[in-house]
Amino acid sequence: MAEKESPLHHFELHPIVDIHLGGLDLSINKAVIAMWIGMAVVYGLFMLVGKKGTSMIPGKLQSMLEMSLEFIKGMVKEFIGDEGMKYFNFVGTLFFFILCCNLIGLIPGSYTITSQLVVTGTFAVIIFVMTLIIGISKHGGHFFSILVPPGVPKIMIPVMVPIEIISMLARPISLSVRLFANMTAGHTVLAVLFGLGLSAPMWIGWLPLGFTVIINGLEIAIAVIQAYIFTTLTCVYIGDVIKLH
Amino acid sequence: MGQDNGFHQGMGFAARLGTEMVAATLIGAGMGYALDWLFGTRPWFLALGVIFGGAAGCLGVYRTAMQTINENNENDNNETDSNP
């Protein structure tokens with residue numbers, strides 16, 4: 001029981017099925033299962049609507065999905081432009097997957113995979129490498145002019161180039177740390193409040209327990225906002241390398 | 001999500017600016033530290049890296065803020081234009 005009192009306890013992962021291939025640890029733990037559930041929920045939601053056939057008068061689920069897709073489409077158009085529509089699939093999938101994983105984590109007993117820096121870091125690095133590839137394949141050597149902001153005097157270029165390189169490299173870090181920190185912090189606060197509520201006597205214990213309910217509501221908002229910010233910034237970064245200033 | 005109110009947007013905005021600044025400073029410091037380790041010139045590149053990182057962070061925050069202000073101004077103008 002002693003180790004269960006740590007508010008960070010629920011972030012620990014223990015393998016459920018041990019799989020070791022060569023030097024690789026491919027064990028299946030709670031996080032892997034939560035990720036599979038997340039994928040299954042996204043796939044299931046869209047298949048449910050797609051299989052049933054879209055009707056002219058949309059039902060509740062269909063109109064909800066259509067609204068969110070329209071919303072993402074507007075985001076892609078705004079930040080990348082019309083030629084950004086080929087990245088719409090990627091951005092949409094990213095949004096729904098992160099949103100589902102964030103929301104699934106709020107169900108007691110499940111696991112928030114976005115509270116692992118490995119997961120958010122992988123997303124961010126993939127997006128970073130993708131923007132580099134898009135930029136270089138679109139503009140060739142001219143792509144590196146992104147490191148020199150327009151209207152900079154020649155004498156300032158040796159100063160501006162390192163600054164621009166640093167701000168380029170900071171993007172994946174801030175992208176991944178933001179999502180990871182928000183999720184971890186929220187769940188830690190919930191765990192601390194819950195621990196307080198359980199260890200306090202009944203006459204005062206209802207207070208922290210009540211707060212967990214309120215914070216849980218706030219966490220739902222944060223789950224949506226963080227998924228939104230993550231996808232918006234992905235669009236901004238892709239738009240930056242396509243437009244080059 | 002379509003009806004994100006000002007509070008939510010502001011909160012997301014604040015979180016975005018904060019992490020951007022910290023990440024840029026850390027990257028600058030990390031690059032400086034790596035260069036020091038490479039050339040054995042501790043602590044000069046580290047100091048320079050922190051300064052450059054901080055500058056990059058400020059620049060990023062400034063750009064994001066200006067962009068948002070411009071967008072808000074455009075929205076306000078559109079709203080007043082559409083009113084007869």
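Phe128(A), Thr131(A), Met168(A), Arg171(A), Tyr237(A) and Val241(A) line the largest cavity. This is a predicted model, in which local features need pLDDT of at least 70, side-chain atom pairs count only at pLDDT 80 or more, and totals for chains, interfaces and linings use all residues. Residues are numbered from 1 along each chain as its sequence is written, chains are lettered from A and ligands numbered from 1 in the order in which they are written, and side-chain values use heavy atoms, with hydrogens and water left out.

On a 1 Å grid over the protein atoms alone, a cavity is a set of points where a 1.4 Å probe fits but cannot get out; a pocket is an open set with protein on both sides within 12 Å along at least five of seven lines; lining residues have an atom within 4 Å of a point. Points are joined across faces, edges and corners, and volume is the space filled by probe spheres set on them. The whole structure has one cavity of 30 Å³ or more. The largest cavity holds about 50 Å³ of space. Three helices of chain A, α4 (117-139), α5 (157-199) and α6 (202-243), each supply at least two of its lining residues. Four lining residues are nonpolar, one is polar and one is charged. Here Ala, Val, Leu, Ile, Met, Phe, Trp, Tyr, Cys and Pro count as nonpolar, Asp, Glu, Lys and Arg as charged, and the others, Gly among them, as polar.

The largest pocket holds about 1,000 Å³ of space. Of the 31 residues that line it, His10(A), His187(A), Leu190(A), Ala191(A) and Phe194(A) are the closest to its centre. Both α5 and α6 of chain A supply at least two residues of this lining. α5(A) gives the most, with eight residues. The pocket lining divides into 13 nonpolar, 14 polar and four charged residues.

Step back to the chain. Chain A has six helices and two strands, where helices (H or I, at least four residues) and strands (E, at least two) are DSSP runs, numbered from the N terminus. Along the sequence the pattern is β-β-α-α-α-α-α-α. The C-alpha trace of chain A spans about 70 × 55 × 45 Å along its principal axes. α6(A) has 42 residues, which at 1.5 Å a residue should span 62 Å; its end C-alpha atoms are 60 Å apart, which agrees. The expected span is 1.5 Å times one less than the number of residues. Leu244(A) follows α6(A) and has a positive phi, near 50°.

Next, the interface. Contact (heavy atoms within 4.5 Å) takes 26 residues from chain A and 22 residues from chain B. The two chains bury about 2,000 Å² between them, 79% of it on carbon and sulfur atoms. Buried area is the accessible area (1.4 Å probe) that two parts lose on being put together, summed over both. In chain A, Ile163(A), Ile166(A) and Ile225(A) lose the most area to chain B, together 26% of what that side buries.

Salt bridges come last but one. Each is a side-chain nitrogen of Lys or Arg within 4 Å of a carboxyl oxygen of Asp or Glu. One runs between chain A and chain B. Glu164(A) pairs with Arg63(B) in a salt bridge, the closest N and O atoms being 2.9 Å apart. Over all chains the count is three. Glu83(A) forms a salt bridge with Lys138(A), at 3.3 Å between the closest N and O atoms. Glu83(A) lies in the loop between α2 (60-79) and α3 (88-105) of chain A and Lys138(A) in helix α4 of chain A, so the pair ties together parts 55 residues apart in sequence.

Finally, chain B. The peptide bond from Arg42(B) to Pro43(B) is cis, with omega near 0°. Pro43(B) lies in the loop between α1 (6-39) and α2 (44-82) of chain B.
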